[in-house]
Amino acid sequence: MIEFVPINLWGIGTAVLAAWVVAGLWYSPLLFIRPWAEMSGVDGAKFAAGLGRAIAVDLASFTVMAFILDQVLHAWGALTIVSTVLCTFLLWLGFVAVTLLHSVTYEHRPLHYYAINAGYRLVSMVAMGVILTVLR
């Protein structure tokens, strides 16, 4: 039987904030915004025009992801950073990495585009998982 554990609002909120910070850095001029924008076909004006909506959707999706990740980490029994990283990596590999492959196969985008997006999801998920475990 599946049992939901109590929601740790502090952990969820901190994990959401961490994912948002990772996103801001990952898709910034410091890291990957230029190659990502070139490969995605999104220019600066189009990007800026949809930024508010995109951030709102990101925050909502990060919240759902943090809640589910917290529940899965509890069910997995991930009590250490190592077990959390392993569990999170397996979730990323089995659900996120394979799902994002369509950008290469169907959308005919370069593997580098896939690596940027999949890498971002891996880093943000691991950061969220570690925070959720530490703030338990």
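## Basis of the description

A residue is called buried when its relative accessible area is under 20%, exposed when that area is over 50%, and partly exposed in between, with a 1.4 Å probe and protein chains only. The structure is a predicted model, in which local features need pLDDT of at least 70 and side-chain atom pairs count only at pLDDT 80 or more, whereas totals for chains, interfaces and linings use all residues. Residues are numbered from 1 along each chain as its sequence is written, and side-chain values use heavy atoms, with hydrogens and water left out.

W36 lies in helix α2 (residues 33–40), where helices are DSSP runs (H or I, at least four residues) numbered from the N terminus. W36 counts as buried because its relative accessible area is 15%. Leaving aside residues up to four places away in sequence, W36 touches Y27, V42, F47, Y113, I116 and N117, contact being defined as heavy atoms within 4.5 Å.

## Aromatic pairs

The whole structure contains 5 aromatic pairs, a pair being two rings of Phe, Tyr or Trp (its six-membered ring) with centres within 6.5 Å, and planes under 30 degrees apart counting as stacked, over 60 as edge-to-face and the rest as tilted. One of them joins F4 and F67 in a stacked arrangement, with 6.2 Å centre to centre and 15° between the planes. This pair links distant parts of the chain, since F4 is in the segment before α1 and F67 is in helix α4 (residues 51–76), 63 residues apart. F4 is exposed, with a relative accessible area of 60%, while F67 is partly exposed at 25%.

The rings of F89 and W92 form a tilted pair, 5.6 Å centre to centre and with 35° between the planes. Both residues lie in helix α5 (residues 81–100), 3 residues apart, which is about one turn of the helix. F89 is partly exposed, with a relative accessible area of 35%, but W92 is buried, with a value of 10%.

## Packing of α1 against α7

Two packed helices are described by the angle between their axes and the distance between the axes. Helix α1 (residues 9–26) and helix α7 (residues 111–134) have axes that come within 9 Å and cross at roughly 155°. α1 is therefore roughly antiparallel to α7, on a scale where angles under 35 degrees count as roughly parallel, over 145 as roughly antiparallel, 65 to 115 as roughly perpendicular and the rest as oblique. The residues in contact include A15, A18, A19 and V22 of α1 and G119, Y120, V123 and A127 of α7. By class, the contact of α1 with α7 has 14 nonpolar, 4 polar and no charged residues, with Ala, Val, Leu, Ile, Met, Phe, Trp, Tyr, Cys and Pro counted as nonpolar, Asp, Glu, Lys and Arg as charged, and the others, Gly among them, as polar.

## Packing of α4 against α5

The axes of α4 and α5 come within 10 Å and cross at roughly 120°, so the two helices are oblique to each other. L69, V72, L73 and W76 of α4 make this contact with S83, T84, L86, C87, T88, L90 and L91 of α5. The contact of α4 with α5 comprises 8 nonpolar, 3 polar and no charged residues.

Notes
Axes fitted to C-alpha atoms, helices over the stretch in contact; angles between N-to-C directions.
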